[in-house]
Amino acid sequence: MKLAAAAVSRGFEHRMRAFNFAAGPAAMPTEVLEQVASELFDWRGSGASVMEVSHRSKAFIEVALAAESDLRELLGIGGDYRVLFMQGGASAQFAAIPLNLAGPEARVDYLVTGAWSKKALEEAGRYCRVNVAADEAPSGYCTVPNARALALSADAAYVHYTPNETIGGVEFPYVPEGGAVPLVADMSSTLLSRPLDVARFGLIYAGAQKNIGPAGLTVVIVRDELLGRARALTPAVWDYRQVADEASMLNTPPTFAWYVAGLVFKWLRAQGGLHAMGERNRVKAQRLYAAIDASGFYCNPVAQNCRSWMNVPFTLAQPGLDGEFLTAAAAAGLTNLAGHRLVGGLRASLYNAMPLAGVEALIAFMKEFERRHG
Ligand SMILES: Cc1ncc(COP(=O)(O)O)c(C=O)c1O
């Protein structure tokens, strides 16, 4: 039985598109892929693909500026923030952040809630003195710290946290209060999933390959006053001041990824913006967690108050059946449901491009699998 089927629209002939639950690179909106396909060989009548033209051409600069202005509109980014389109993924930011925001003797605070915040902390430890302001190891990284129990340093150069841990499926239900200390957030797997009060943050960063667009692009949103503090040895391409001064074109940017991200931003606006997306994402996640909790066969270990809307890890009562589950799911058009290689099990990622119909198809499949094996 084929549970999943996807859009066939506007005269495009698709091969069957699966409901793709990958954690990243992740599913793209079908409408965006249709537009990319329609423009691939002849972009705006130029006789060339967008990936074949100069990043300094008037036409590409228009695309770059429109992407920034649509992102600003979606997130309500104030004029006192710069938006940078960088490379190197979120992992490069793990190093760029301490290099730009903290001297070698400075203290920086890190909240550790899973694999990605731990990686960020380890990298920062190479460049400055790191204080672990919270570590959720005792719960097996299934919780977030109590907002009032953070061991923050008054003199920290910044506080870093990971609002959504993509592997563990743990998401902060609150924004930590750093007082005068700038708050830095790795939003790789949650940016654009719902409205956000950007003004609470000193710096937000995200690899594109989940809710933004193709891998290769990294978005950094940084408060103006944090620019110009980079250590002298910081490579120019990682120096926020230099990147901002050159409008993210200090060197050749990932033009194709930037163009596709711009189309995703327009798609998000056409969907009703982040309020509409947030409501959809809330419903999608609630349905899946409710189905898991109602069964005796599936289990999600994360505390109720911090379950991720974007990444839903789960296990089977009989882990030996994981392979069969994945094979049968893929045959039904439900793909990329394997958990991260570090933790195993299963994981459904429900980014913006995953429609409610995909979640419902997954739930129906899970019920049928449980009926046969539970
Ligand atoms: C929360 C989070 N931070 C950082 C990373 C690393 O991103 P990149 O591969 O772009 O360096 C990921 C990747 O999935 C992630 O989910």
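Two strands are counted as a pair if DSSP finds at least two bridges between them. In this predicted model, strand 8 (residues 183–186) and strand 9 (residues 203–207) are joined by three bridges and run parallel. Within this pairing, Ala185 has Ile204 of strand 9 as its bridge partner. Helix 4 (residues 115–124) packs on the sheet, where it touches strand 8 and strand 9 as well as strand 3 (107–112), strand 4 and strand 5 (159–161), and the direction of helix 4 makes about 160° with that of strand 3.

The sheet as a whole is open and consists of seven strands in the order 2-10-9-8-5-3-4, with mixed pairing. Strand 2 (81–86) and strand 4 (129–135) stand at its edges, and because each has a single partner strand, one side of each is left without a neighbour in the sheet. Direction ignored, neighbouring strands of this sheet are turned by 15° against each other on average.

At the edge formed by strand 2, six bridges connect this strand to strand 10, and the two run antiparallel; here Arg82 stands opposite Val222 of strand 10. Helix 2 (residues 58–75) lies across strand 2 and strand 10 (218–223), and runs at about 130° to strand 2.

Burial can also be described for helix 1 (residues 30–39), in which the buried residues are Thr30, Val32, Glu34, Val36 and Glu39. Helix 6 (255–270) is included in what covers these buried residues of helix 1.

Terms used
Residues are numbered from 1 along each chain as its sequence is written. This is a predicted model: local features need pLDDT of at least 70, side-chain atom pairs count only at pLDDT 80 or more; totals for chains, interfaces and linings use all residues. Side-chain values use heavy atoms; hydrogens and water are left out. Helices (H or I, at least four residues) and strands (E, at least two) are DSSP runs, numbered from the N terminus. Axes are lines fitted to C-alpha atoms, for helices over the stretch in contact, and angles run from 0 to 180 degrees between N-to-C directions. Contact means heavy atoms within 4.5 Å. Buried means under 20% relative accessible area, exposed over 50%, partly exposed in between (1.4 Å probe, protein chains only).
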